[in-house]
Amino acid sequence: MHISSPRLFWAFGACVAAVVMMLSGDHLRAQVPAFQTSYVTRAEAVMLLLQARVPKIPMLQSNGKFPDVPAGIWYERYIVAAERLSILQAQPGTHRIRPEDPVTRADFISMGAKTFGINTALFSSTYSDVPTQAWYAQAAGMAQRLHLFPTDRDQTRFRPDAYMEHIEVAKAVELLTDATEHSGQWSGSAPSASEKISTTTEQFSLIQPRGPSPTITPGIPAIPNTFDPAQLGKLRLQLLSSVNGERARLGLPLLKTNATLQRSAQLYAREMAQKSFFAHVSPTGETLKQRMENSGYYKAFYASECFCVGHYLMGETLARGQKTSREVVLDWMKSPSHRAAILNPDFSDTGIGIVAGVWVEHFAGRQE
């Protein structure tokens, strides 16, 4: 038995309606949104991208988080999933995410790179209308290298503000799918057929920094731990004990340390300290989902003969500037979103990373 990666097939009617069909395993699923314009909206774009990458999108609800996403509308699940995966971002303050707006080329290629886990830092653009410092410059280089717009008459111009049409999106998604299937060099990992996964929930939490960020000395390739191995182990144990203490008060299962999560958390703490940033998406565009995939956490759940889809819950909490592990947990527990992650009953495994005042805890669990 062989599981094919998701594919998209389009059929265009006279009114530019489209039927999107996805083949995953032995099951053929179809969804038919009503496309009203010749341009692809942001909601339509994330639907097509996610269906090409994820075997099944659960029925997620926005619960009023986005004022411009009506409850029960067909694209609600895709908008919520895209925001959780950092494919889309809501406007600060208003929390509007503009699902009905036409998607520009610059927006689409950025969304595509994040969906497929492509490291855009590997690319540079020679388009004449893409400034070197433009926020989408590296993604434009990816589009140019992968030839995502083959029908353009002028291949020297990218036209970043041009709205995407349905036929352009269909072709670009097909090319992105082919590129990531046939070459592992664009992304952090290339799962085999027995390692396809689907994420039901992804939680992101962030503690505001205390004090200035760590000073980075130019020319130093890496920041060493500020603790010896014994002290680092002691701090990890203290933090885990504090977290499990909070869970025990509510009768929740205690988290157990997982070696692959410990490594992913430590590597990400080191990267944040070394590169002086504090976020759930790295400067190269790597997301929590990619860090989990790269860690190898999922592989332990698959037997060699298993051709199946696993459903996982994952989370990441960050802190910076706290002096003790107890101080970190106290700060996390004061925040509703951090508290929800720490007390989530579906989490079973954890890993803790600590480098130069940066604290990272990774959570994960498998859902049957």
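A charge counts as sitting over a ring if NZ of Lys or CZ of Arg is within 6 Å of the ring centre and within 35 degrees of the ring normal. Keep that cut-off in hand for this tour of a predicted model.

**Stop one: Arg105 and Phe149.** Select both residues. Arg105 lies over the face of Phe149, 4.0 Å from the ring centre.

**Stop three: helix α3.** Go back to Arg105 and select residues 105–116, which form helix α3. The helix has 12 residues and spans 16 Å from its first C-alpha to its last, close to the 16 Å expected. How many of its residues are buried? The count is 10 of 12, so α3 is mostly covered. Arg105 is among the buried ones, as are Phe108, Ile109, Met111 and Phe116. Step just past the helix to Gly117, where phi is positive, at about 65°.

**Stop four: Arg291 and Tyr268.** Here is another charge over a ring. The charged end of Arg291 sits 3.5 Å from the ring centre of Tyr268.

**Last stop: the whole chain.** Zoom out and colour by secondary structure. The chain shows 10 helices and eight strands. It has 368 residues, and 52% of them count as buried. Its accessible surface is about 17100 Å², with 54% belonging to carbon and sulfur atoms. Among contacts between residues at least 6 apart in sequence, 71% join residues at least 24 apart.

Definitions and conventions. Residues numbered from 1 in each chain as written. Predicted model: local features only at pLDDT ≥ 70, side-chain atom pairs only at ≥ 80, totals over all residues. Heavy atoms only, no water. Helix = DSSP H or I, 4+ residues; strand = E, 2+ residues; numbered from the N terminus. Buried < 20%, exposed > 50% of the residue type's maximum accessible area, 1.4 Å probe, protein only. Contact = heavy atoms within 4.5 Å. Areas by Shrake-Rupley, 256 points an atom, 1.4 Å probe, with all protein chains shown as cover. Expected span 1.5 Å × (residues − 1).
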